[in-house]
Amino acid sequence: QVQLVESGGGLVQAGDSLRLSCTASGVTFSTYGMGWFRQAPGKEREFVAGISWNGNTFYADVGKGQFTISRDNARNTVYLQMNSLKPEDTAVYSCAASRSGVVSRRWDYWGQGTQVTVSS
């Protein structure tokens with residue numbers, strides 16, 4: 001059974017930083033592309049950042065310069081470091097795993113999400 005479990009969300013003030021984690025089980029983690037997505041209230045889910053099995057990173061415009069994605073294959077975990085958070089970053093952040101890789105945009109497994117709330 002495949003599971004992706006996110007953690008690290010919470011309530012922070014504008015300008016603060018958070019690091020989200022997503023730990024996978026039931027998959028050969030090192031062979032999967034991993035991604036972070038977010039969904040704000042009343043908005044569609046959007047891609048934030050992705051990292052290929054070999055460490056190549058991809059960022060949506062929303063995350064460039066502010067978010068950093070990384071992975072630790074020994075821990076089956078992908079991270080999203082978020083700096084200089086703004087109220088508009090408030091959303092549920094979810095991770096996803098892709099057998100085909102980040103560029104394919106086909107995501108096979110999803111986590112349940114973690115809430116990030118940024119107060120002004």
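This is a predicted model: local features need pLDDT of at least 70, side-chain atom pairs count only at pLDDT 80 or more; totals for chains, interfaces and linings use all residues.
Are C22 and C95 buried or exposed? C22 is buried, and C95 is buried too.

**View 1. The disulfide between C22 and C95.** Searching the whole structure turns up 1 disulfide. Here C22 and C95 are joined, with an S to S distance of 1.9 Å. Since C22 sits in strand β3 (residues 18–25) and C95 in strand β9 (residues 91–98), the pair ties together parts that are 73 residues apart in sequence. Look along the S-S bond and you will find a torsion of about 50 degrees, so this disulfide is right-handed. Both partners, C22 and C95, are buried.

**View 2. P87 and its contacts.** P87 is found in the loop between β8 (77–82) and β9. Its relative accessibility is 35%, so P87 counts as partly exposed. Setting aside neighbours within four places in sequence, P87 is in contact with A14, V118, S119 and S120.

**View 3. The largest pocket and its lining.** About 170 Å³ of space lies in this pocket. Its lining is made up of F37, F47, F58, A60, V102, V103, R105 and W107. Sorted by class, the lining of the largest pocket has 7 nonpolar residues, 1 charged residue and no polar ones.

Key
Residues are numbered from 1 along each chain as its sequence is written. Side-chain values use heavy atoms; hydrogens and water are left out. A disulfide is a pair of cysteine sulfur atoms within 2.5 Å. Helices (H or I, at least four residues) and strands (E, at least two) are DSSP runs, numbered from the N terminus. Buried means under 20% relative accessible area, exposed over 50%, partly exposed in between (1.4 Å probe, protein chains only). Contact means heavy atoms within 4.5 Å. On a 1 Å grid over the protein atoms alone, a cavity is a set of points where a 1.4 Å probe fits but cannot get out, and a pocket is an open set with protein on both sides within 12 Å along at least five of seven lines; lining residues have an atom within 4 Å of a point. Grid points are joined across faces, edges and corners, and a volume is the space filled by probe spheres set on the points. Ala, Val, Leu, Ile, Met, Phe, Trp, Tyr, Cys and Pro count as nonpolar, Asp, Glu, Lys and Arg as charged, and the others, Gly among them, as polar.
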